[in-house]
Amino acid sequence: MSIIVMATLAVCSAVQGTKAIDPERPFGQQGEFELVKDWTFGRNRTGATVTTRAALDRDFHYRYIYEGGKLDGLKEYWSYHRDYPDGDPRSLHVFDDCTLTLKGRIPKNGGLRPRGIESGLLRAKLPVSDGMYIEMRAKLTRGVGAWPAFWLNPGVQHDDGTFSELPWPPEIDIFEFFNWQGRPHTRVMTGHVQVHKTPKRYGPPRDLWTMFEKKEYVPGFDFSEDFHVFALDWVKDRPIWVLDGKPIKQTYYVWPVDVPAHILVTNAIGMSLKGVDMSDMKADESQWDYVIDYIRVWRRK
């Protein structure tokens, strides 16, 4: 084995860790699971299932499902999404030997303003529904203005380019981190069912138990400094939020629409939210790397 290959394996082992790489079951969970999908990223690592941009293209889109699958951003944040080809220096979906990084970049004539930043997005083609366990291991963005998220949105795009019904809300936010109001560290996690202030129409989510205080979970570390495992155990009508293998919240919620959901991983940067202070935000692209080890989906047997 060459020195270069041995060095690559050592680096990937450090990224993967020793406990979070087994695709046979969700991290830290007991019971029997059937693996539905394993997206393990990296150009040159043991067990990788997605090693090229072509492989990524087969299972993911890079814009939101709306406007015919071409919506490239939301008015609530500044960055917008592009899907430059592999190898383009502007690429926002960049493989290294061990991971996939959703980049944030300031393009030519861009800046710290709405639509002045480009960033990566993944929208999985796989339909997901209750009974599934959705998990991602990642190291998140940082700095004022960083808004990394991992969530489920209703509706699917079919292989023939047509779409199911696209109701919204609801959505299930597995996590969001709002680095705002002079807060540069990625420490405060939120995660909830979003019904857009219309619980009578879309159902009232009700926490059965939670470790969140005032809708925030602050475990005491910075999620941009190391990899962590984020998951939703979508138990029917009682989804459970899981961090690093440990449940942190369970909510009673009946999915009110007759369509499955899709997985979104969004590297949003900058915020256009009422009352949010972005004055301490810095034009530092090195802060905007959303680094993904894997995304996996199981179903309980």
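Reader: Where is Trp 209 found?

Author: Trp 209 is found in strand β13, residues 206-210. The model is a predicted one.

Reader: Why does Trp 209 count as partly exposed?

Author: Its relative accessibility is 34%. Buried means under 20% and exposed means over 50%, with partly exposed in between. The value for Trp 209 falls between those limits, so Trp 209 counts as partly exposed.

Reader: What makes the nonpolar surface patch?

Author: Leu 208, Trp 209 and Met 211 make the patch, of about 260 Å². Patch residues need over 30% relative accessible area. Trp 209, at 34%, passes that cut-off.

Reader: What volume does the largest pocket have, and how many residues line it?

Author: Its volume is about 1400 Å³. The lining of the largest pocket holds 41 residues. Nearest the centre lie Glu 171, Asp 173, Glu 176, His 192 and Gln 194.

Reader: Which strands supply at least two residues each to that lining?

Author: They are β10 (146-154), β11 (171-177), β12 (189-194), β13, β16 (246-252) and β17 (261-269). The largest share is from β12, with five residues. By class, the lining of this pocket has 18 nonpolar, ten polar and 13 charged residues.

Reader: Why is the contact between Arg 296 and Asp 38 called a salt bridge?

Author: The closest N and O atoms of the pair are 2.9 Å apart. The rule asks for a side-chain nitrogen of Lys or Arg within 4 Å of a carboxyl oxygen of Asp or Glu. The pair meets that rule, so the contact is a salt bridge. In general, side chains of opposite charge can pair when their charged atoms come close. By this rule the count comes to 14 salt bridges.

Reader: What does the pair Arg 296 and Asp 38 tie together?

Author: Arg 296 lies in strand β18 (residues 290-300) and Asp 38 in strand β1 (residues 33-40), so the pair links parts that are 258 residues apart in sequence. Both residues are buried.

Reader: How do you know that Asp 72 and Arg 82 form a salt bridge?

Author: Their closest N and O atoms are 2.9 Å apart, and the cut-off is 4 Å. Asp 72 lies in the loop between α3 (66-69) and β3 (80-81), and Arg 82 in the loop between β3 and β4 (93-95), so the pair ties together parts that are ten residues apart in sequence.

Reader: Is Asp 72 buried or exposed?

Author: Asp 72 is buried, because its relative accessible area is 13% and the limit for buried is under 20%. Arg 82 has 22% relative accessibility, so Arg 82 counts as partly exposed.

Reader: Which residues are linked in a network of salt bridges?

Author: Arg 45, Arg 137 and Asp 293 are linked in such a network.

Reader: What makes a space in this structure a cavity and not a pocket?

Author: A 1.4 Å probe fits in a cavity but cannot get out, whereas a pocket is open. The structure holds one cavity of 30 Å³ or more. The largest cavity has a volume of about 40 Å³. Its lining residues are His 61, Ile 65, Arg 123, Ala 124, Lys 125, Val 156, Gln 157 and His 262. By class, three are nonpolar, three polar and two charged.

Reader: What makes the peptide bonds at Pro 169 and Pro 170 stand out?

Author: The bond from Trp 168 to Pro 169 is cis, with omega near -10°. The bond joining Pro 169 and Pro 170 is cis too, with omega about 15°. Most peptide bonds are trans. Pro 169 is in the loop between β10 and β11, and Pro 170 is found in the loop between β10 and β11.

Reader: What is the phi of Asn 109, and why does Asn 109 count as exposed?

Author: Asn 109 has a positive phi of about 70°, although it is not a glycine. Most residues other than glycine have a negative phi. Asn 109 lies in the loop between β6 and β7. Its relative accessibility is 64%, and exposed means over 50%. Asn 109 therefore counts as exposed.

Reader: What is the phi of Asp 244, and where is Asp 244 found?

Author: Asp 244 has a positive phi of about 50° and is not a glycine. Asp 244 is found in the loop between β15 (240-243) and β16. Asp 244 is partly exposed, because its relative accessible area is 26%.

How values were computed: Residues numbered from 1 in each chain as written. Predicted model: local features only at pLDDT ≥ 70, side-chain atom pairs only at ≥ 80, totals over all residues. Heavy atoms only, no water. Patch = residues over 30% accessible without salt bridge, like charges linked within 9 Å, V, L, I, M, F, W, Y side chains within 5 Å. Areas by Shrake-Rupley, 256 points an atom, 1.4 Å probe, with all protein chains shown as cover. Helix = DSSP H or I, 4+ residues; strand = E, 2+ residues; numbered from the N terminus. Buried < 20%, exposed > 50% of the residue type's maximum accessible area, 1.4 Å probe, protein only. 1 Å grid on protein atoms, 1.4 Å probe; cavity = no way out; pocket = protein on both sides within 12 Å on 5 of 7 lines; lining within 4 Å. Points joined across faces, edges and corners; volume = space filled by probe spheres on them. Nonpolar A, V, L, I, M, F, W, Y, C, P; charged D, E, K, R; others polar.
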